[in-house]
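Colleague: Before I use this model, I would like to go through the terms behind its contacts.
Modeller: Ask for each term, and the value can be set against its definition.

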Protein chains: 2
Amino acid sequence: MPQPATADDLALLDAYWRAANYLSVGQIYLLDNPLLREPLRAEHVKPRLLGHWGTTPGLNLLYAHMNRAIRQRDLNALYVTGPGHGGPGLVANAYLEGSYSEVYSSLGEDVDGMRGLFRQFSFPGGIPSHVAPETPGSIHEGGELGYALVHAYGAVFDNPDLLALCVVGDGEAETGPLAASWHSNKFLDPRRDGVVLPVLHLNGYKIANPTVLARIPDDELASLMRGYGHTPHFVVGDEPSAVHQELAATLDTVLDDIAAIKADPGSKRPAWPMIVLRTPKGWTGPKEVDGKQVEGTFRAHQVPLAGTRTDAGHRAQLEEWMHSYRPEELFDADGRLVPELRALAPEGTRRMSANPHANGGRLLRDLAMPDFRNYAVEVEKPAASTSAATAVLGEFVRDVVARNDDRFRLFGPDEVASNRLQAAFEVTDRAWNATVIDGDDHLAPGGRVMEILSEHLCQGWLEGYLLTGRHGLFTSYEAFIHIVDSMLNQHAKWLKTTLGIPWRAPIASLNYLLSSHVWRQDHNGFSHQDPGFLDHVINKKAEIVRVYLPPDTNTLLSVGDHCLRSRHYINVIVAGKQPQLTYLTMDQAIAHCIRGVGIWEWAGNTEGEPDVVLACAGDIPTLETLAAAKLLREHCPELEVRVVNVVDLMRLQPASEHPHGMSERDFDALFTPDKPVIFAFHGYPWLIHRLTYSRSNHHNLHVRGYKEEGTTTTPFDMVMLNDLDRFHLVMDVIDRVPALGSNAAVLRQRMEDARLAARRYTREHGEDDPAISGWTWE
Amino acid sequence: MPQPATADDLALLDAYWRAANYLSVGQIYLLDNPLLREPLRAEHVKPRLLGHWGTTPGLNLLYAHMNRAIRQRDLNALYVTGPGHGGPGLVANAYLEGSYSEVYSSLGEDVDGMRGLFRQFSFPGGIPSHVAPETPGSIHEGGELGYALVHAYGAVFDNPDLLALCVVGDGEAETGPLAASWHSNKFLDPRRDGVVLPVLHLNGYKIANPTVLARIPDDELASLMRGYGHTPHFVVGDEPSAVHQELAATLDTVLDDIAAIKADPGSKRPAWPMIVLRTPKGWTGPKEVDGKQVEGTFRAHQVPLAGTRTDAGHRAQLEEWMHSYRPEELFDADGRLVPELRALAPEGTRRMSANPHANGGRLLRDLAMPDFRNYAVEVEKPAASTSAATAVLGEFVRDVVARNDDRFRLFGPDEVASNRLQAAFEVTDRAWNATVIDGDDHLAPGGRVMEILSEHLCQGWLEGYLLTGRHGLFTSYEAFIHIVDSMLNQHAKWLKTTLGIPWRAPIASLNYLLSSHVWRQDHNGFSHQDPGFLDHVINKKAEIVRVYLPPDTNTLLSVGDHCLRSRHYINVIVAGKQPQLTYLTMDQAIAHCIRGVGIWEWAGNTEGEPDVVLACAGDIPTLETLAAAKLLREHCPELEVRVVNVVDLMRLQPASEHPHGMSERDFDALFTPDKPVIFAFHGYPWLIHRLTYSRSNHHNLHVRGYKEEGTTTTPFDMVMLNDLDRFHLVMDVIDRVPALGSNAAVLRQRMEDARLAARRYTREHGEDDPAISGWTWE
């Protein structure tokens with residue numbers, strides 16, 4: 001039975017807190033004289049003062065109290081830092097626990113190490129100012145605010161004994177993603193998942209403003225938290241010893257409550273406890289600077305004393321501030337934390353800064369994978385029969401779910417079934433721990449499918465799940481995946497940075513399946529038509545990003561298998577959910593996907609150098625390109641046509657730009673050095689130009705794609721609106737191949753007529769001409 | 001005093017609701033036989049059934065009840081449709097009110113008109129399935145869910161007599177932006193703003209899932225709404241007459257409460273009423289189809305009867321369903337709504353479908369603009385003195401605020417002061433209607449500066465404000481503006497579509513000022529470094545988007561003035577907030593901005609054809625380019641250098657691609673047809689390639705920009721990390737200009753040495769060498 005905190009306990013705990021605060025201030029300010037054993041001089045102070053003090057003492061306070069609880073209860077705990085700009089605090093705590101010196105051996109637990117620790121912070125060649133991948137114990141940078149709580153939930157899914165303490169800053173709490181994240185508790189299974197303990201830290205201010213949640217009455221705030229399904233506990237104060245007492249007692253209560261729920265989860269969703277901690281911003285820092293109040297105001301947000309290098313008064317104030325922590329009581333002659341304080345930190349992997357879940361790659365186990373070839377569809381002839389690619393992939397995914405029920409989940413904004421992965425429901429349910437009524441379809445607390453109408457939450461849960469060493473797949477409408485553009489940026493930055501951190505192990509890839517894509521928004525129209533996520537992803541570091549456009553079912557299976565096995569990438573797969581033509585047998589599909597791009601000889605009419613190359617990427621553009629190839633074969637049999645299909649978009653880049661990039665020679669071998677290339681692309685056409693601008697034949701490359709024209713209409717009308725249809729592709733060939741001679745004008749007119757006829761049919765009948773929609777190669 | 005609803009009132013109201021439901025079903029299903037005056041045959045039914053029934057009866061119910069309230073109270077009301085996919089409902093109501101026929105004169109209020117109304121819905125060449133720009137009365141498409149409430153608030157700011165009824169779907173309520181939007185009430189001034197009446201419509205289901213808010217206990221939901229600062233009122237039922245009674249009474253109560261608050265706002269933030277309406281999904285539709293329950297389940301989401309064209313049973317069920325509304329009682333022989341129902345609709349601009357606020361361009365008044373030239377900074381010589389561009393712009397913006405206190409607001413996520421626009425606080429405050437305490441800085445209910453730590457809310461408020469005919473400016477960190485990528489997509493689609501709708505008047509531009517940009521994240525590092533918003537914006541329709549990179553203070557003033565005066569664009573301005581060199585006098589700046597791109601002759605050393613062009617766009621790249629030009633002048637005086645600065649990025653595109661695009665001749669005149677061009681760019685380098693790939697000299701274009709390398713470091717270290725520094729630019733020139741001969745190797749080595757020395761200095765001192773950071777042209 002954990003013991004309540006005695007006055008002695010709390011005095012020690014306060015000393016530990018002072019040590020963390022001291023180290024935090026030291027990082028922000030000092031180049032040298034780390035223990036202030038000589039008077040502070042200008043040259044001891046950094047010339048550029050960069051960092052955030054305001055949130056740091058609160059982060060340190062919670063860290064110290066959690067340490068006590070971890071030791072008393074042998075908790076397996078993670079610390080998720082919403083206000084990630086409070087980097088000095090988390091670095092200080094990792095250093096106090098020894099884990100910092102374990103991974104950065106040059107920074108030992110002595111005066112030299114402390115000097116180095118201080119100097120490196122926010123310093124050129126040193127470490128970032130935020131909680132970052134470089135910070136042991138972190139899965140969360142917190143620079144872009146809003147994702148702390150959703151990351152914490154992602155971390156505890158399928159980790160039944162893990163407790164994620166999640167500090168939510170009151171600034172961050174104003175963001176949309178955070179405001180929605182509170183509802184994550186309806187998706188948590190008390191039996192098979194761990195627990196998130198949110199601490200809403202009201203220090204009252206953002207950069208220049210008070211925060212909303214700090215300026216509504218306590219009863220309104222308590223009501224909000226109850227509405228979110230939590231039992232709130234308030235800890236309020238600005239006098240350290242009183243706050244220590246109250247926080248220790250509250251943490252005891254709250255952890256007892258959590259333990260009781262875990263011991264007997266019952267059948268109803270528990271009202272998990274959460275803590276509202278209201279303490280001053282920049283607590284224990286300068287109360288006033290240059291006549292203005294700082295502690296307890298927004299002025300404490302970054303660096304409270306800005307002139308310490310040049311202003312002796314500020315410097316004296318800094319010195320006094322740092323001495324107020326009484327470093328001489330905290331660190332021994334060598335600069336090492338004194339033993340009675342060191343004893344307050346948990347040991348080994350119980351230290352939050354050394355919890356293996358925060359370095360998920362170390363816990364990562366391969367997925368048990370079924371053989372994707374077993375799900376192949378029969379393809380007797382290319383472009384003769386149809387199959388719904390994602391539905392077949394769904395069967396494969398179903399079996400991945402079934403074989404990995406401790407480490408794989410599906411995520412999607414209410415679209416897993418809509419995107420045709422519903423086979424998953426043969427073996428699992430949707431995670432759901434809210435009310436269930438008669439007629440509900442596959443809802444259960446232990447479900448492996450995470451569906452909420454928030455791309456932010458899907459993305460954030462998945463990120464947290466991946467960062468703690470598991471696997472997943474996110475299915476979404478193509479247009480709305482832009483909702484998480486900025487979250488993707490931050491995850492990509494995390495992946496890029498960790499590549500350069502030897503002690504961080506690679507994690508599983510973040511896999512997107514974008515179905516319900518731009519070309520098939522029959523129900524929804526223009527607002528649902530946007531293929532720009534590809535452009536966005538490709539801006540990220542080449543080492544990290546991969547984009548696949550499998551044209552049919554077997555290629556999708558091959559790509560899907562590859563992505564689920566891969567590590568440390570962001571994989572984007574675009575594949576339609578509607579029945580569509582199949583082209584390749586499984587063996588052909590595997591070979592095609594390994595090459596990433598290739599000539600489809602059956603679709604062209606030459607084995608030699610062609611007169612024109614028809615290139616395509618994406619299921620709908622592939623269909624239109626093949627139909628155009630057939631039209632050309634019929635109408636201009638003398639024209640030598642080559643068809644090239646691209647699955648792996650990154651192949652188009654030069655090898656110098658992307659690991660998958662093609663050499664100049666390979667590119668020219670496929671696309672010719674000098675012949676016209678008509679490229680039908682799934683997305684915005686200029687993306688292809690961007691990838692190929694340095695290729696020698698680039699001036700002959702003519703790209704068709706989505707040019708932001710659309711509405712609720714038929715599939716063929718959509719491609720016509722964007723000049724991506726088969727008839728227009730033939731017209732593009734005519735316009736680019738002078739050799740066609742006098743035939744050209746006649747054929748061009750015929751294509752114009754065909755477009756008009758198709759449009760007329762559609763306008764009249766409300767559906768596409770079956771001769772077009774039912775097109776096959778034969 | 002409004003009268004309570006009598007049974008007769010409600011019977012009529014029910015009839016009106018039935019009429020709207022009838023027209024909604026008709027739109028989804030029928031090609032012909034609109035009034036079912038003959039038996040329903042297959043050819044009367046659309047071959048492709050596309051639309052969303054589930055949410056529609058609830059939308060229609062609220063519309064009918066609002067009509068009663070509007071007439072009783074002479075309300076000036078707007079209807080914001082969160083579940084925008086319920087398009088048939090809003091079209092139906094606009095048609096019933098006559099406003100549909102007013103703007104689409106071919107669709108009269110008769111049988112022919114009704115036939116056309118039905119046929120056009122979700123039909124090729126017709127109208128979209130959603131509430132769209134084409135829908136009279138709408139400011140909100142709702143395809144991408146989450147923005148209804150924030151749009152509604154944007155609409156009522158500075159419209160004190162406007163009431164926005166905002167229907168929030170329970171699916172949408174799960175999104176982050178919506179979850180945060182509830183707190184908008186802390187930013188509303190009951191005296192100078194209008195009122196938002198949120199109706200949370202719990203129909204219980206999304207596409208395939210129940211919704212979270214429908215599956216938490218009522219007391220938890222009520223607690224949540226109280227926590228959000230509202231007084232909730234529940235209306236629950238599935239029996240129409242009982243729900244009519246309850247909803248009418250509740251709406252009376254709620255509108256009385258609103259009137260009382262408006263009459264006496266008091267000094268405390270009011271707990272504005274809101275309504276929770278719990279009615280079945282697909283209410284009044286088929287109860288069961290093919291043995292499965294449909295009404296009241298997720299199966300009612302889209303088209304409940306899918307086989308009506310081919311399946312006689314389904315068709316009979318559709319016929320029965322439509323007859324259940326008793327169209328013969330609702331429409332006269334000509335197909336016109338019977339007079340006693342027509343009398344239920346408000347008249348003229350009181351009709352929600354004809355409220356002028358929903359066609360904001362019609363209400364738009366020009367801003368009263370100060371003369372931006374009066375704010376010019378003195379520039380005696382180029383690149384000799386410094387100025388903080390956004391701080392000077394702030395003075396201009398301050399005076400725009402002061403002169404337009406009924407139609408202009410600033411929006412930003414707690415960064416207006418951080419981005420140096422704090423001069424605004426000389427004339428106004430931050431909007432704030434939560435608790436105020438001693439020491440608070442410029443907080444007041446009537447403030448014109450909207451700050452909340454949510455880019456989503458800033459964007460959404462501003463969109464709502466613009467769409468209802470006002471003006472604004474959004475300032476943000478460059479990296480985090482990606483948070484609203486998807487919202488920008490939707491706004492751009494709205495703008496693009498309205499260009500083609502004659503009755504929609506152009507609105508004021510959506511203006512972004514991105515300060516705190518990628519190159520100056522001294523405090524925050526890698527997570528704050530992302531210039532990709534430009535790439536994202538440029539994917540939108542060329543008619544809509546403009547991107548400006550003013551290099552100094554006077555150019556920023558000129559660009560800022562231009563953007564605030566413009567109409568119907570999305571303008572993105574990137575400008576640093578730190579003191580930086582000034583280059584152009586105001587007259588020069590105006591001329592340069594009008595051209596958008598130009599040769600800076602003072603910075604080059606030739607008036608003829610140069611050996612090399614140094615091009616630049618953005619403040620930091622301009623600085624490095626000029627420093628490189630000076631280095632070249634010193635070290636290779638014989639090399640003829642031209643410096644070209646780009647302010648208006650769209651100028652680089654061909655004239656065929658963008659209205660601002662340059663002709664080939666103009667481009668070649670600036671960038672030469674055949675000389676090397678070293679282009680220093682603010683953002684990702686491939687964006688310049690994308691804009692210029694078709695230019696004849698493109699193969700000579702060598703672009704430096706941000707290549708996703710960064711951390712917390714000094715400004716010059718940042719440009720070095722990305723090879724954008726002056727020394728590297730000189731090296732790029734050396735590598736591209738063979739004419740330099742034997743000099744080249746020596747100079748190249750010198751540049752390498754200079755880079756190393758700069759890096760060493762920075763690593764040692766923690767700041768940039770003053771010779772570099774203090775560089776001037778002289």
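**Domains and interfaces**

Modeller: The domain assignment of chain A lists domain 1 (7-344), domain 2 (372-581) and domain 3 (597-773), and such bounds come from an automatic or database domain assignment. This is a predicted model, where local features need pLDDT of at least 70, side-chain atom pairs count only at pLDDT 80 or more, and totals for chains, interfaces and linings use all residues. Residues are numbered from 1 along each chain as its sequence is written, chains are lettered from A and ligands numbered from 1 in the order in which they are written, and side-chain values use heavy atoms, with hydrogens and water left out.

Colleague: What is the mean pLDDT of chain A?
Modeller: pLDDT is the predictor's confidence in each residue, from 0 to 100. Chain A has a mean of 96, and 100% of its residues reach 70 or more. For the complex, the predictor gives an ipTM of 0.97 and a pTM of 0.98.

Colleague: How many residues of domain 1 and domain 2 of chain A are in contact?
Modeller: The C-alpha centres of domain 1 of chain A and domain 2 of chain A are 35 Å apart. Contact is judged on heavy atoms within 4.5 Å, and 36 residues from domain 1 of chain A and 32 residues from domain 2 of chain A take part.

Colleague: Why is A:D158 with A:R409 called a salt bridge?
Modeller: The term requires a side-chain nitrogen of Lys or Arg within 4 Å of a carboxyl oxygen of Asp or Glu. The closest N and O atoms of A:D158 and A:R409 are 2.9 Å apart, so the pair qualifies. The rule finds three salt bridges across the interface of domain 1 of chain A and domain 2 of chain A.

Colleague: What area is buried between domain 1 and domain 2 of chain A?
Modeller: Buried area is the accessible area (1.4 Å probe) that two parts lose on being put together, summed over both. For domain 1 of chain A and domain 2 of chain A this is about 2,800 Å², with carbon and sulfur atoms giving 61%.

Colleague: How many residues does each chain give to the contact between chain B and chain A?
Modeller: Chain B gives 118 residues and chain A gives 118 residues. The two chains bury about 9,500 Å² between them, 54% of it on carbon and sulfur atoms.
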